[in-house]
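Please look over the sequence and the 3D structure shown below before reading on.

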Amino acid sequence: MAKPITAFTCTACGASHRKWAGRCDACGAWNTIIEEAPLSQGPGRGLGTLKGKPIPLSGLATQDAPPRRATSGIAELDRVLGGGLVPGSAILVGGDPGIGKSTLLLQAAAAFARAGQQAIYVSGEEASAQVRLRAQRLGLGDAPVRLGAETALRDILTTLDAERPDVAVIDSIQTLWSDRIEAAPGSVAQVRASAHELVTFAKRRGTSVILVGHVTKEGQIAGPRVVEHMVDTVLYFEGERGHQFRILRAHKNRFGPADEIGVFEMTGGGLAEVANPSALFLSERGEASAGSAVFAGIEGTRPVLTEVQALVAPSTLASPRRTVVGLDSGRVSTILAVLEARCAVPFAGLDVFLNVAGGMRVSEPAADLAIAAALLSAREDVALPPEAVLFGEISLSGALRPVAQAENRLKEAQKLGFSRAILPSATKVEGVAGMRIDRIADLTSFVGETFGA
Ligand code: TYD
Ligand code: MG
């Protein structure tokens, strides 16, 4: 008999290895490779009997119209899903423990049930009585959603097959165990097998399956990067623990735009929708102060204004601090280098702290100009005009590049009471009533005009 092949799997990225190593060559993580039970090498190699016949693409036209999306009525959720839940789709919702995934999905299950969908919420982490208590606290005690407390995958699939719900929430994928695999719940093999069976079930039965996945401190869905490939949609639920704002962000979506966001506020009665996030993110803004710049950004299909805050202080360290929250630190380093090399504004010997107010995360390159403005304003201790918003990408030469959707950004700024915009001169925009537009060609002229340097 052939010796069973032992598999070693990286718990961070799911890559399999022939032998154990301290570091995974696939993702570079240390101490993440574990030994897993071998996959059974049963029969079924070789060619199978041809079961399905390929059909021509044009033949699809004669089939039924595409299934209608189910909407929950929670607008922030429906938009991130791309306009509602596609029947038979598999969705992964990832997030840090305690961020509010169970709360969000219990509310979503109840909302789908109230909208006429058959919804089931299966918890592997809490007993049904605890889930019911939570539902009562959230004012959902009377929603026609069915609850289950189960971790055995076979039992879950049997129940789902008997009940045939439209929507099934599985909280969480890490608690499931399949009796086909000899590995502990939460291990890569278990998570992969459970997710695979649930995704297959979703496709076969037309049930939309929403899987909850905890994220490790490195920001990956624990163990299984592999699950991300299996599902149709990956959503991340993020936010800072200390803030009440939570952002549901589409990371991948086969049925809608990626990088769409939904904004929620965690209240005593659960998650409340935030219909106007710009107003919320700017609500903490006080008097005009040095180091603060308002960025007119676009998140998915929606303009969102955020405040970039900078603090620059003399450093006592040999290599000064660069602390960045909510922005890409690589981009910040590039902007600091451009300011030094092209505009002769040195930051050597200075600690730099940057932050986006409200716990928001901004990844658009269009934020470059606002970041540079906040840094300069903090360094010179001169406040930027409080009625102005900024946007524009900075190139390595110090030139400013125009960004997309300038008009939407301007309209949102105008709606929130701003009357001036500072943007790259090549921006194609007609102008918006009541907005003064300052066009600048490069970072050097911006430094000169705004700070008189
Ligand atoms: P939870 O949904 O259990 O998080 P996850 O499933 O992502 O681990 O949320 C837990 C946190 O949410 C907990 O710290 C308390 C807070 N919370 C509220 O502030 N208000 C509420 O109505 C509820 C249900 C939870
Ligand atoms: Mg939970």
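Ala344 counts as exposed, because there are 10 C-beta neighbours inside 10 Å of it; by the rule used here, a residue is buried if 20 or more other C-beta atoms lie within 10 Å of its own, exposed if 12 or fewer, and partly exposed in between, with the C-beta atoms placed from the backbone. This is a predicted model, in which local features need pLDDT of at least 70 and side-chain atom pairs count only at pLDDT 80 or more, while totals for chains, interfaces and linings use all residues. Residues are numbered from 1 along each chain as its sequence is written, and chains are lettered from A and ligands numbered from 1 in the order in which they are written.

**Loop residues and backbone angles**

Ala344 sits in the loop that runs between helix 8 (329–343) and strand 16 (350–356), where helices (H or I, at least four residues) and strands (E, at least two) are DSSP runs numbered from the N terminus. The phi angle of Ala344 is near 55°, which is a positive value in a residue other than glycine. Asp259 also has a phi near 55°, again positive in a residue other than glycine, and Asp259 belongs to the loop between strand 10 (245–253) and strand 11 (261–267). Asp259 counts as partly exposed, because it has 16 C-beta neighbours inside 10 Å.

A further backbone feature is the peptide bond from Asp171 to Ser172, which is cis, with omega near 0°. Ser172 lies in the loop between strand 7 (167–171) and helix 5.

| Residue | C-beta neighbours within 10 Å | Class |
|---|---|---|
| Ala344 | 10 neighbours | exposed |
| Asp259 | 16 neighbours | partly exposed |

Val231 is placed in the loop between helix 6 (225–230) and strand 9 (233–238). Once its neighbours within four places in sequence are left aside, Val231 is in contact with Ala90, Ile91, Leu92, Val199 and Leu211; two residues are in contact if their C-beta atoms, placed from the backbone, lie within 7 Å. From Val231 to Val345 there are 114 residues in sequence and 48 Å in space, taken from C-alpha to C-alpha.

Gly84 is part of the loop between helix 1 (75–80) and strand 4 (90–95). With its neighbours within four places in sequence left aside, Gly84 is in contact with Arg69, Ala70, Thr71 and Asp78. The C-alpha atoms of Gly84 and Gly73 are separated by 9.0 Å, and these two residues are 11 residues apart along the chain.

**Helices and their surroundings**

Two packed helices are described by the angle between their axes and the distance between the axes. The axes of helix 4 (residues 153–163) and helix 5 (residues 188–205) come within 11 Å and cross at roughly 10°, and the two helices are therefore roughly parallel to each other. The axes are lines fitted to C-alpha atoms, for helices over the stretch in contact, with angles that run from 0 to 180 degrees between N-to-C directions; angles under 35 degrees count as roughly parallel, over 145 as roughly antiparallel, 65 to 115 as roughly perpendicular and the rest as oblique. Leu153, Leu157 and Leu160 of helix 4 make the contact with Ser194, Glu197 and Phe201 of helix 5.

In helix 10 (residues 406–415), the buried residues are Ala406, Arg409, Leu410, Glu412 and Ala413. These residues cover an arc of only 165° around the axis, so they lie on the same side of helix 10; the arc is that of the directions from the helix axis to the C-beta atoms. Among what covers them are helix 7 (277–281), strand 13 (292–299) and strand 20 (420–424). Just after helix 10, Gly417 takes a positive phi of about 95°.

**The ligand and the whole chain**

Of the 15 residues around ligand 1, those that come nearest are Gly100, Lys101, Ser102, Thr103 and Gly270, where a residue is near a molecule if its C-beta atom, placed from the backbone, lies within 6 Å of it. Helix 2 (101–114) and helix 3 (128–137) each supply at least two residues of this shell, and helix 2 gives the most, with 3 residues.

The secondary structure of the chain comes to 11 helices and 21 strands. Of its 453 residues, 42% count as buried.
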